[in-house]
Amino acid sequence: MLSRAAGTLWGKSGVGEAGEVERWLQLQQHMEDTAAVAGRLWDEWLPPMTRRLLADPVGGEAAARDLVVFLAGVHDVGKATPAFQVQVPVLANVVTEAGLPIEREIPNRTELPHARAGQVILQRWLAGRGWEPVPARSLGCVVGGHHGVPSSPTELNAARDRDELLGTGAWVAVQHELLDHVVAAFDLAASVEQWRGCRVPATAQMLLSGLVVMADWIASNPDLFPLEALEQRPLTDGRLDRAWARIDLPRPWAALTCGDDADVLLRTRFGLSDGAVARPIQVAAFKAARTVDVSGLMILEAPMGDGKTEAALLAAEMLAARFGAAGVFVAMPTQATADAMFARVLQWLRAVPSAESGDATVDADARRTVHLAHGKAHLDPVFRALRTPGGRGVSRIDQDDDRLRGDRDHGTPYVPWWFSNPKRGALADFVVGTIDQALFTALQARHVVLRHLAFSRKVVVLDEIHAFDAFSNRFLERALEWFGAYGIPVVALSATLPEKLRACLVNAYRAGAKAAAQPAEEVPTRRLSRAERRLAHEQASSARSVQATEVFSGEVVDSPDATSFVGYDLDGVRHRRGVDSAGRGSSVTLEILPDDGLPALVTQVAEGLGLARTSDGGWDGRPEGCVLVLRNTVRRARETAAALRAVLGNGVVRLHHSRFMAADRQYNDGEMRRELGPPGRDGSRGDRPLARVIVATQVAEQSLDIDVDLLITDLAPMDLLLQRMGRLHRHADLASHRPERLRQPRCVVTGVNWFGDGLPQPTQGTLIYGMAPLLRSAALVREVLDGDGVVRLPDDIGPMVQRAYSDKVPGPTAWHEAIADADTRDRATADDQESRAGAFLLQKPGELETLDGLLDHHDKDVERDGRAQAQVRDSEDSIEVLLLPRVGPGTFEVPRWFDGELAGTHVSADFPPDREVALELARCAVRLPLEVTQGKDGDKLLDALETNWFRPWQDLPDLRGQLVLPLDQEPRPFAGYLFTYTAEEGLDVKPDE
């Protein structure tokens, strides 16, 4: 039993309708609740892989479980201080009457947050039990950081001297009493002594912190753990069981080792016909996953359309079974590709069996928590179908939705209400999201420990790992260092991976794994300035550049001339095994088209579709064929689409770019996949139109399973140019449906002024990609044209990518000096990007002795998902708005072209709309082009938009913080611009002249 003084301390309070405190929860009870939740998380939610990470440093699973329970139980001991208890006068009076003195007013109480106070109290208590400073700090920092940001050494040193805030005398006694109570209540005394001699590494501290945060959030939810009327005590019987039942989390997925027949597994998991056989890359990935001796980084390099996604999921299932992961995270390059992958993963998940509670018995009724992780996930119809109105309870997939069904129903996907919050969603078992979600594990941001906990439970699949700039690559490398330190199995996919980048990624993962096995480096006891951090990162970047030029020591390369490879570790040696071709090769005829205006491009498309010139300069005939025209900018795409529509009509030409409303962009992406996706299993044409011209920007560049007959593309870096060629003749089954004249794949490259044999000049794209990659790509295009004019896929992919990014300058000798100069300029830009990225990077796992000061340079604004994305990508901040048709003063409507009964619904700015209407309004979101949001004009625009921030809408999650840009039937000037929008063209912005 606690003393009267300890029993009167409050941990939670609640106010009634009159604004007065009417409910409370004892501090002791909240500490016990949190400890109990932590124990249940260990028993029923943590998978073996994560348990091992915590058990190995402290002497086994029993000691690790006790440590999790202990830290969760003592996390709020810092509330047993005058600085905290004074906040609620009616409760503070009771505390004072029990013998704990509190000044009526403590004006500087905010200088000692209760988490920091708890760290000081815990470390003093441990020191009194004979603990050395470093082991005590390794546990204390978990308590000190349980609100998402650990304290710095400087802040902790100052806190130790604040006796008026910490409390003395009777306060110290009651603080120690609470700590002793947790030890006694959960029978932890022996474990406390055992931990004293253990070194808890930074990786374990991160995961312990994540578990304490998660347990605290659950135990702090009054719907789960109710508060009681003043002076009443809660009923403790069944308190945890009732709360756990409401959270409704399944036991961790226990993947089964799934035999050794890749063909059978492929057919079962993906609902293929009985005669379907696995492709070579799929067989090789599956075999590698079955034989690797440690979890590590597996890299699958294979041509576009060779089935890398299926290979990765097969490998992920085997790796999860072997190393004890509880799920899979699939990271995609864009929101659109993540949405498409989410439905594919759900279909796969339904066919994946698991063991129940570790038994060999297949759990046919297993449920799997799922999440779609990106800023617009709530607008995806598939994800939305999994969530119930109000976010409570369990929502399941419509059994009649063929996109989501497998041949069997082992893993019913659902979204527990507790995971519906974006910050907690990554903790679900199976998550599909943008690559940013993985990069955030390397970002200094509040609650980054939760992301580490989320990823420590999963196999991680990274798609299209080549498609990043130097800025984002720094975050990717640092994330891989942490993944390596945790031993997280990672499967990375690419069709066009430069050797230097491959070296950097493998070295990063290895460095993390090595750091986990060594003591941490000595950590400075003061905060480094931003300039000092930048210098340190510049020095590290220089060392990385040297390392990346070297081939991995001891790497074994089998069949170096193969077109596909699987990279993995076996017996401590890195292997890169060549894989037989899938037999899906094609010879792409490469042509160039001078960028001297649209008429020549229109002629290329028209003739490609089989039209003929008439005597009056027009075009005659019935167009037939599917053409993709890829432009590097939205402006060029819009101009091109307009020119083609003038010849072919609106019914043939469709425009795709990033400046469509979210709803229209989803519709466009869905239509493109439906019309140009894989053919039907019966070999029919399916929904493929007789004539279609897609004019698109980079949104159609990669990770989309579409097939076109002819490609016309602006010049891009060689790896991306080859990715674009991957859309050409992607599906052999469609060969019989192609027009005769388009049965030879052709790629026409434009966006360049070609000066005979002289140096070509890219006309645009340099601001996006840099000059050097474009000149190198142009040089390789010229070499092909000087040869037989054919790019052979997949044979030429590897050699062309490596030459494009090698130290040797490609192209004619006369071009070398100009390309070398461009290399120098772009290298300086990349160095600057890497240096700027360093200011936001999380420290390396090997640099941390404890988590004190971990986030000293974190950006508080990064809480918002969009802001966080800006921190891991080298892009300027943009402004997102809702484009809403205005029908009267302060009155808007849901766009009439939207599907559904709510189209045309009127909405007043003076009242909150219904939830379903709010969702439709949220689907009108679009980001404004950077050219109108920067500088003084951008400030003027933002000022004008802020007048359209409607207070009655702010209580709705879908509309919170959104600004409205009105669309009038007759466009009116707005902040010096004319904004127009149509469902066919997207957003257009012009200066008001």
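Predicted model: local features only at pLDDT ≥ 70, side-chain atom pairs only at ≥ 80, totals over all residues.
If we step back to the whole sheet, it is an open one of three strands in the order β1-β2-β3, with antiparallel pairing. Its edge strands are β1, at 10-15, and β3, at 228-229, each of which pairs on one side only.

Let me turn now to a helix, α13, which runs over residues 202-219. From its first C-alpha to its last, this helix of 18 residues reaches 25 Å, close to the 26 Å expected at 1.5 Å a residue. Because 17 of its 18 residues are buried, α13 is largely enclosed by the rest of the structure.

Finally, some points of backbone geometry. Most residues other than glycine have a negative phi, and most peptide bonds are trans. H447, in the loop between α21 (435-439) and α22 (448-456), is not a glycine and yet has a positive phi of about 60 degrees. E464, which is found in the loop between β9 (458-462) and α23 (470-486), likewise has a positive phi, of about 55 degrees, without being a glycine. Are these residues buried or exposed? H447 counts as buried, at 10% relative accessibility, and E464 is buried too, with a relative accessible area of 7%. As for the peptide bonds, the one from L793 to P794 is cis, with omega near 10 degrees, and P794 has its place in the loop between β24 (790-793) and α32 (797-804).

Definitions and conventions
Residues numbered from 1 in each chain as written. Heavy atoms only, no water. Pairing = 2+ DSSP bridges. Helix = DSSP H or I, 4+ residues; strand = E, 2+ residues; numbered from the N terminus. Expected span 1.5 Å × (residues − 1). Buried < 20%, exposed > 50% of the residue type's maximum accessible area, 1.4 Å probe, protein only.
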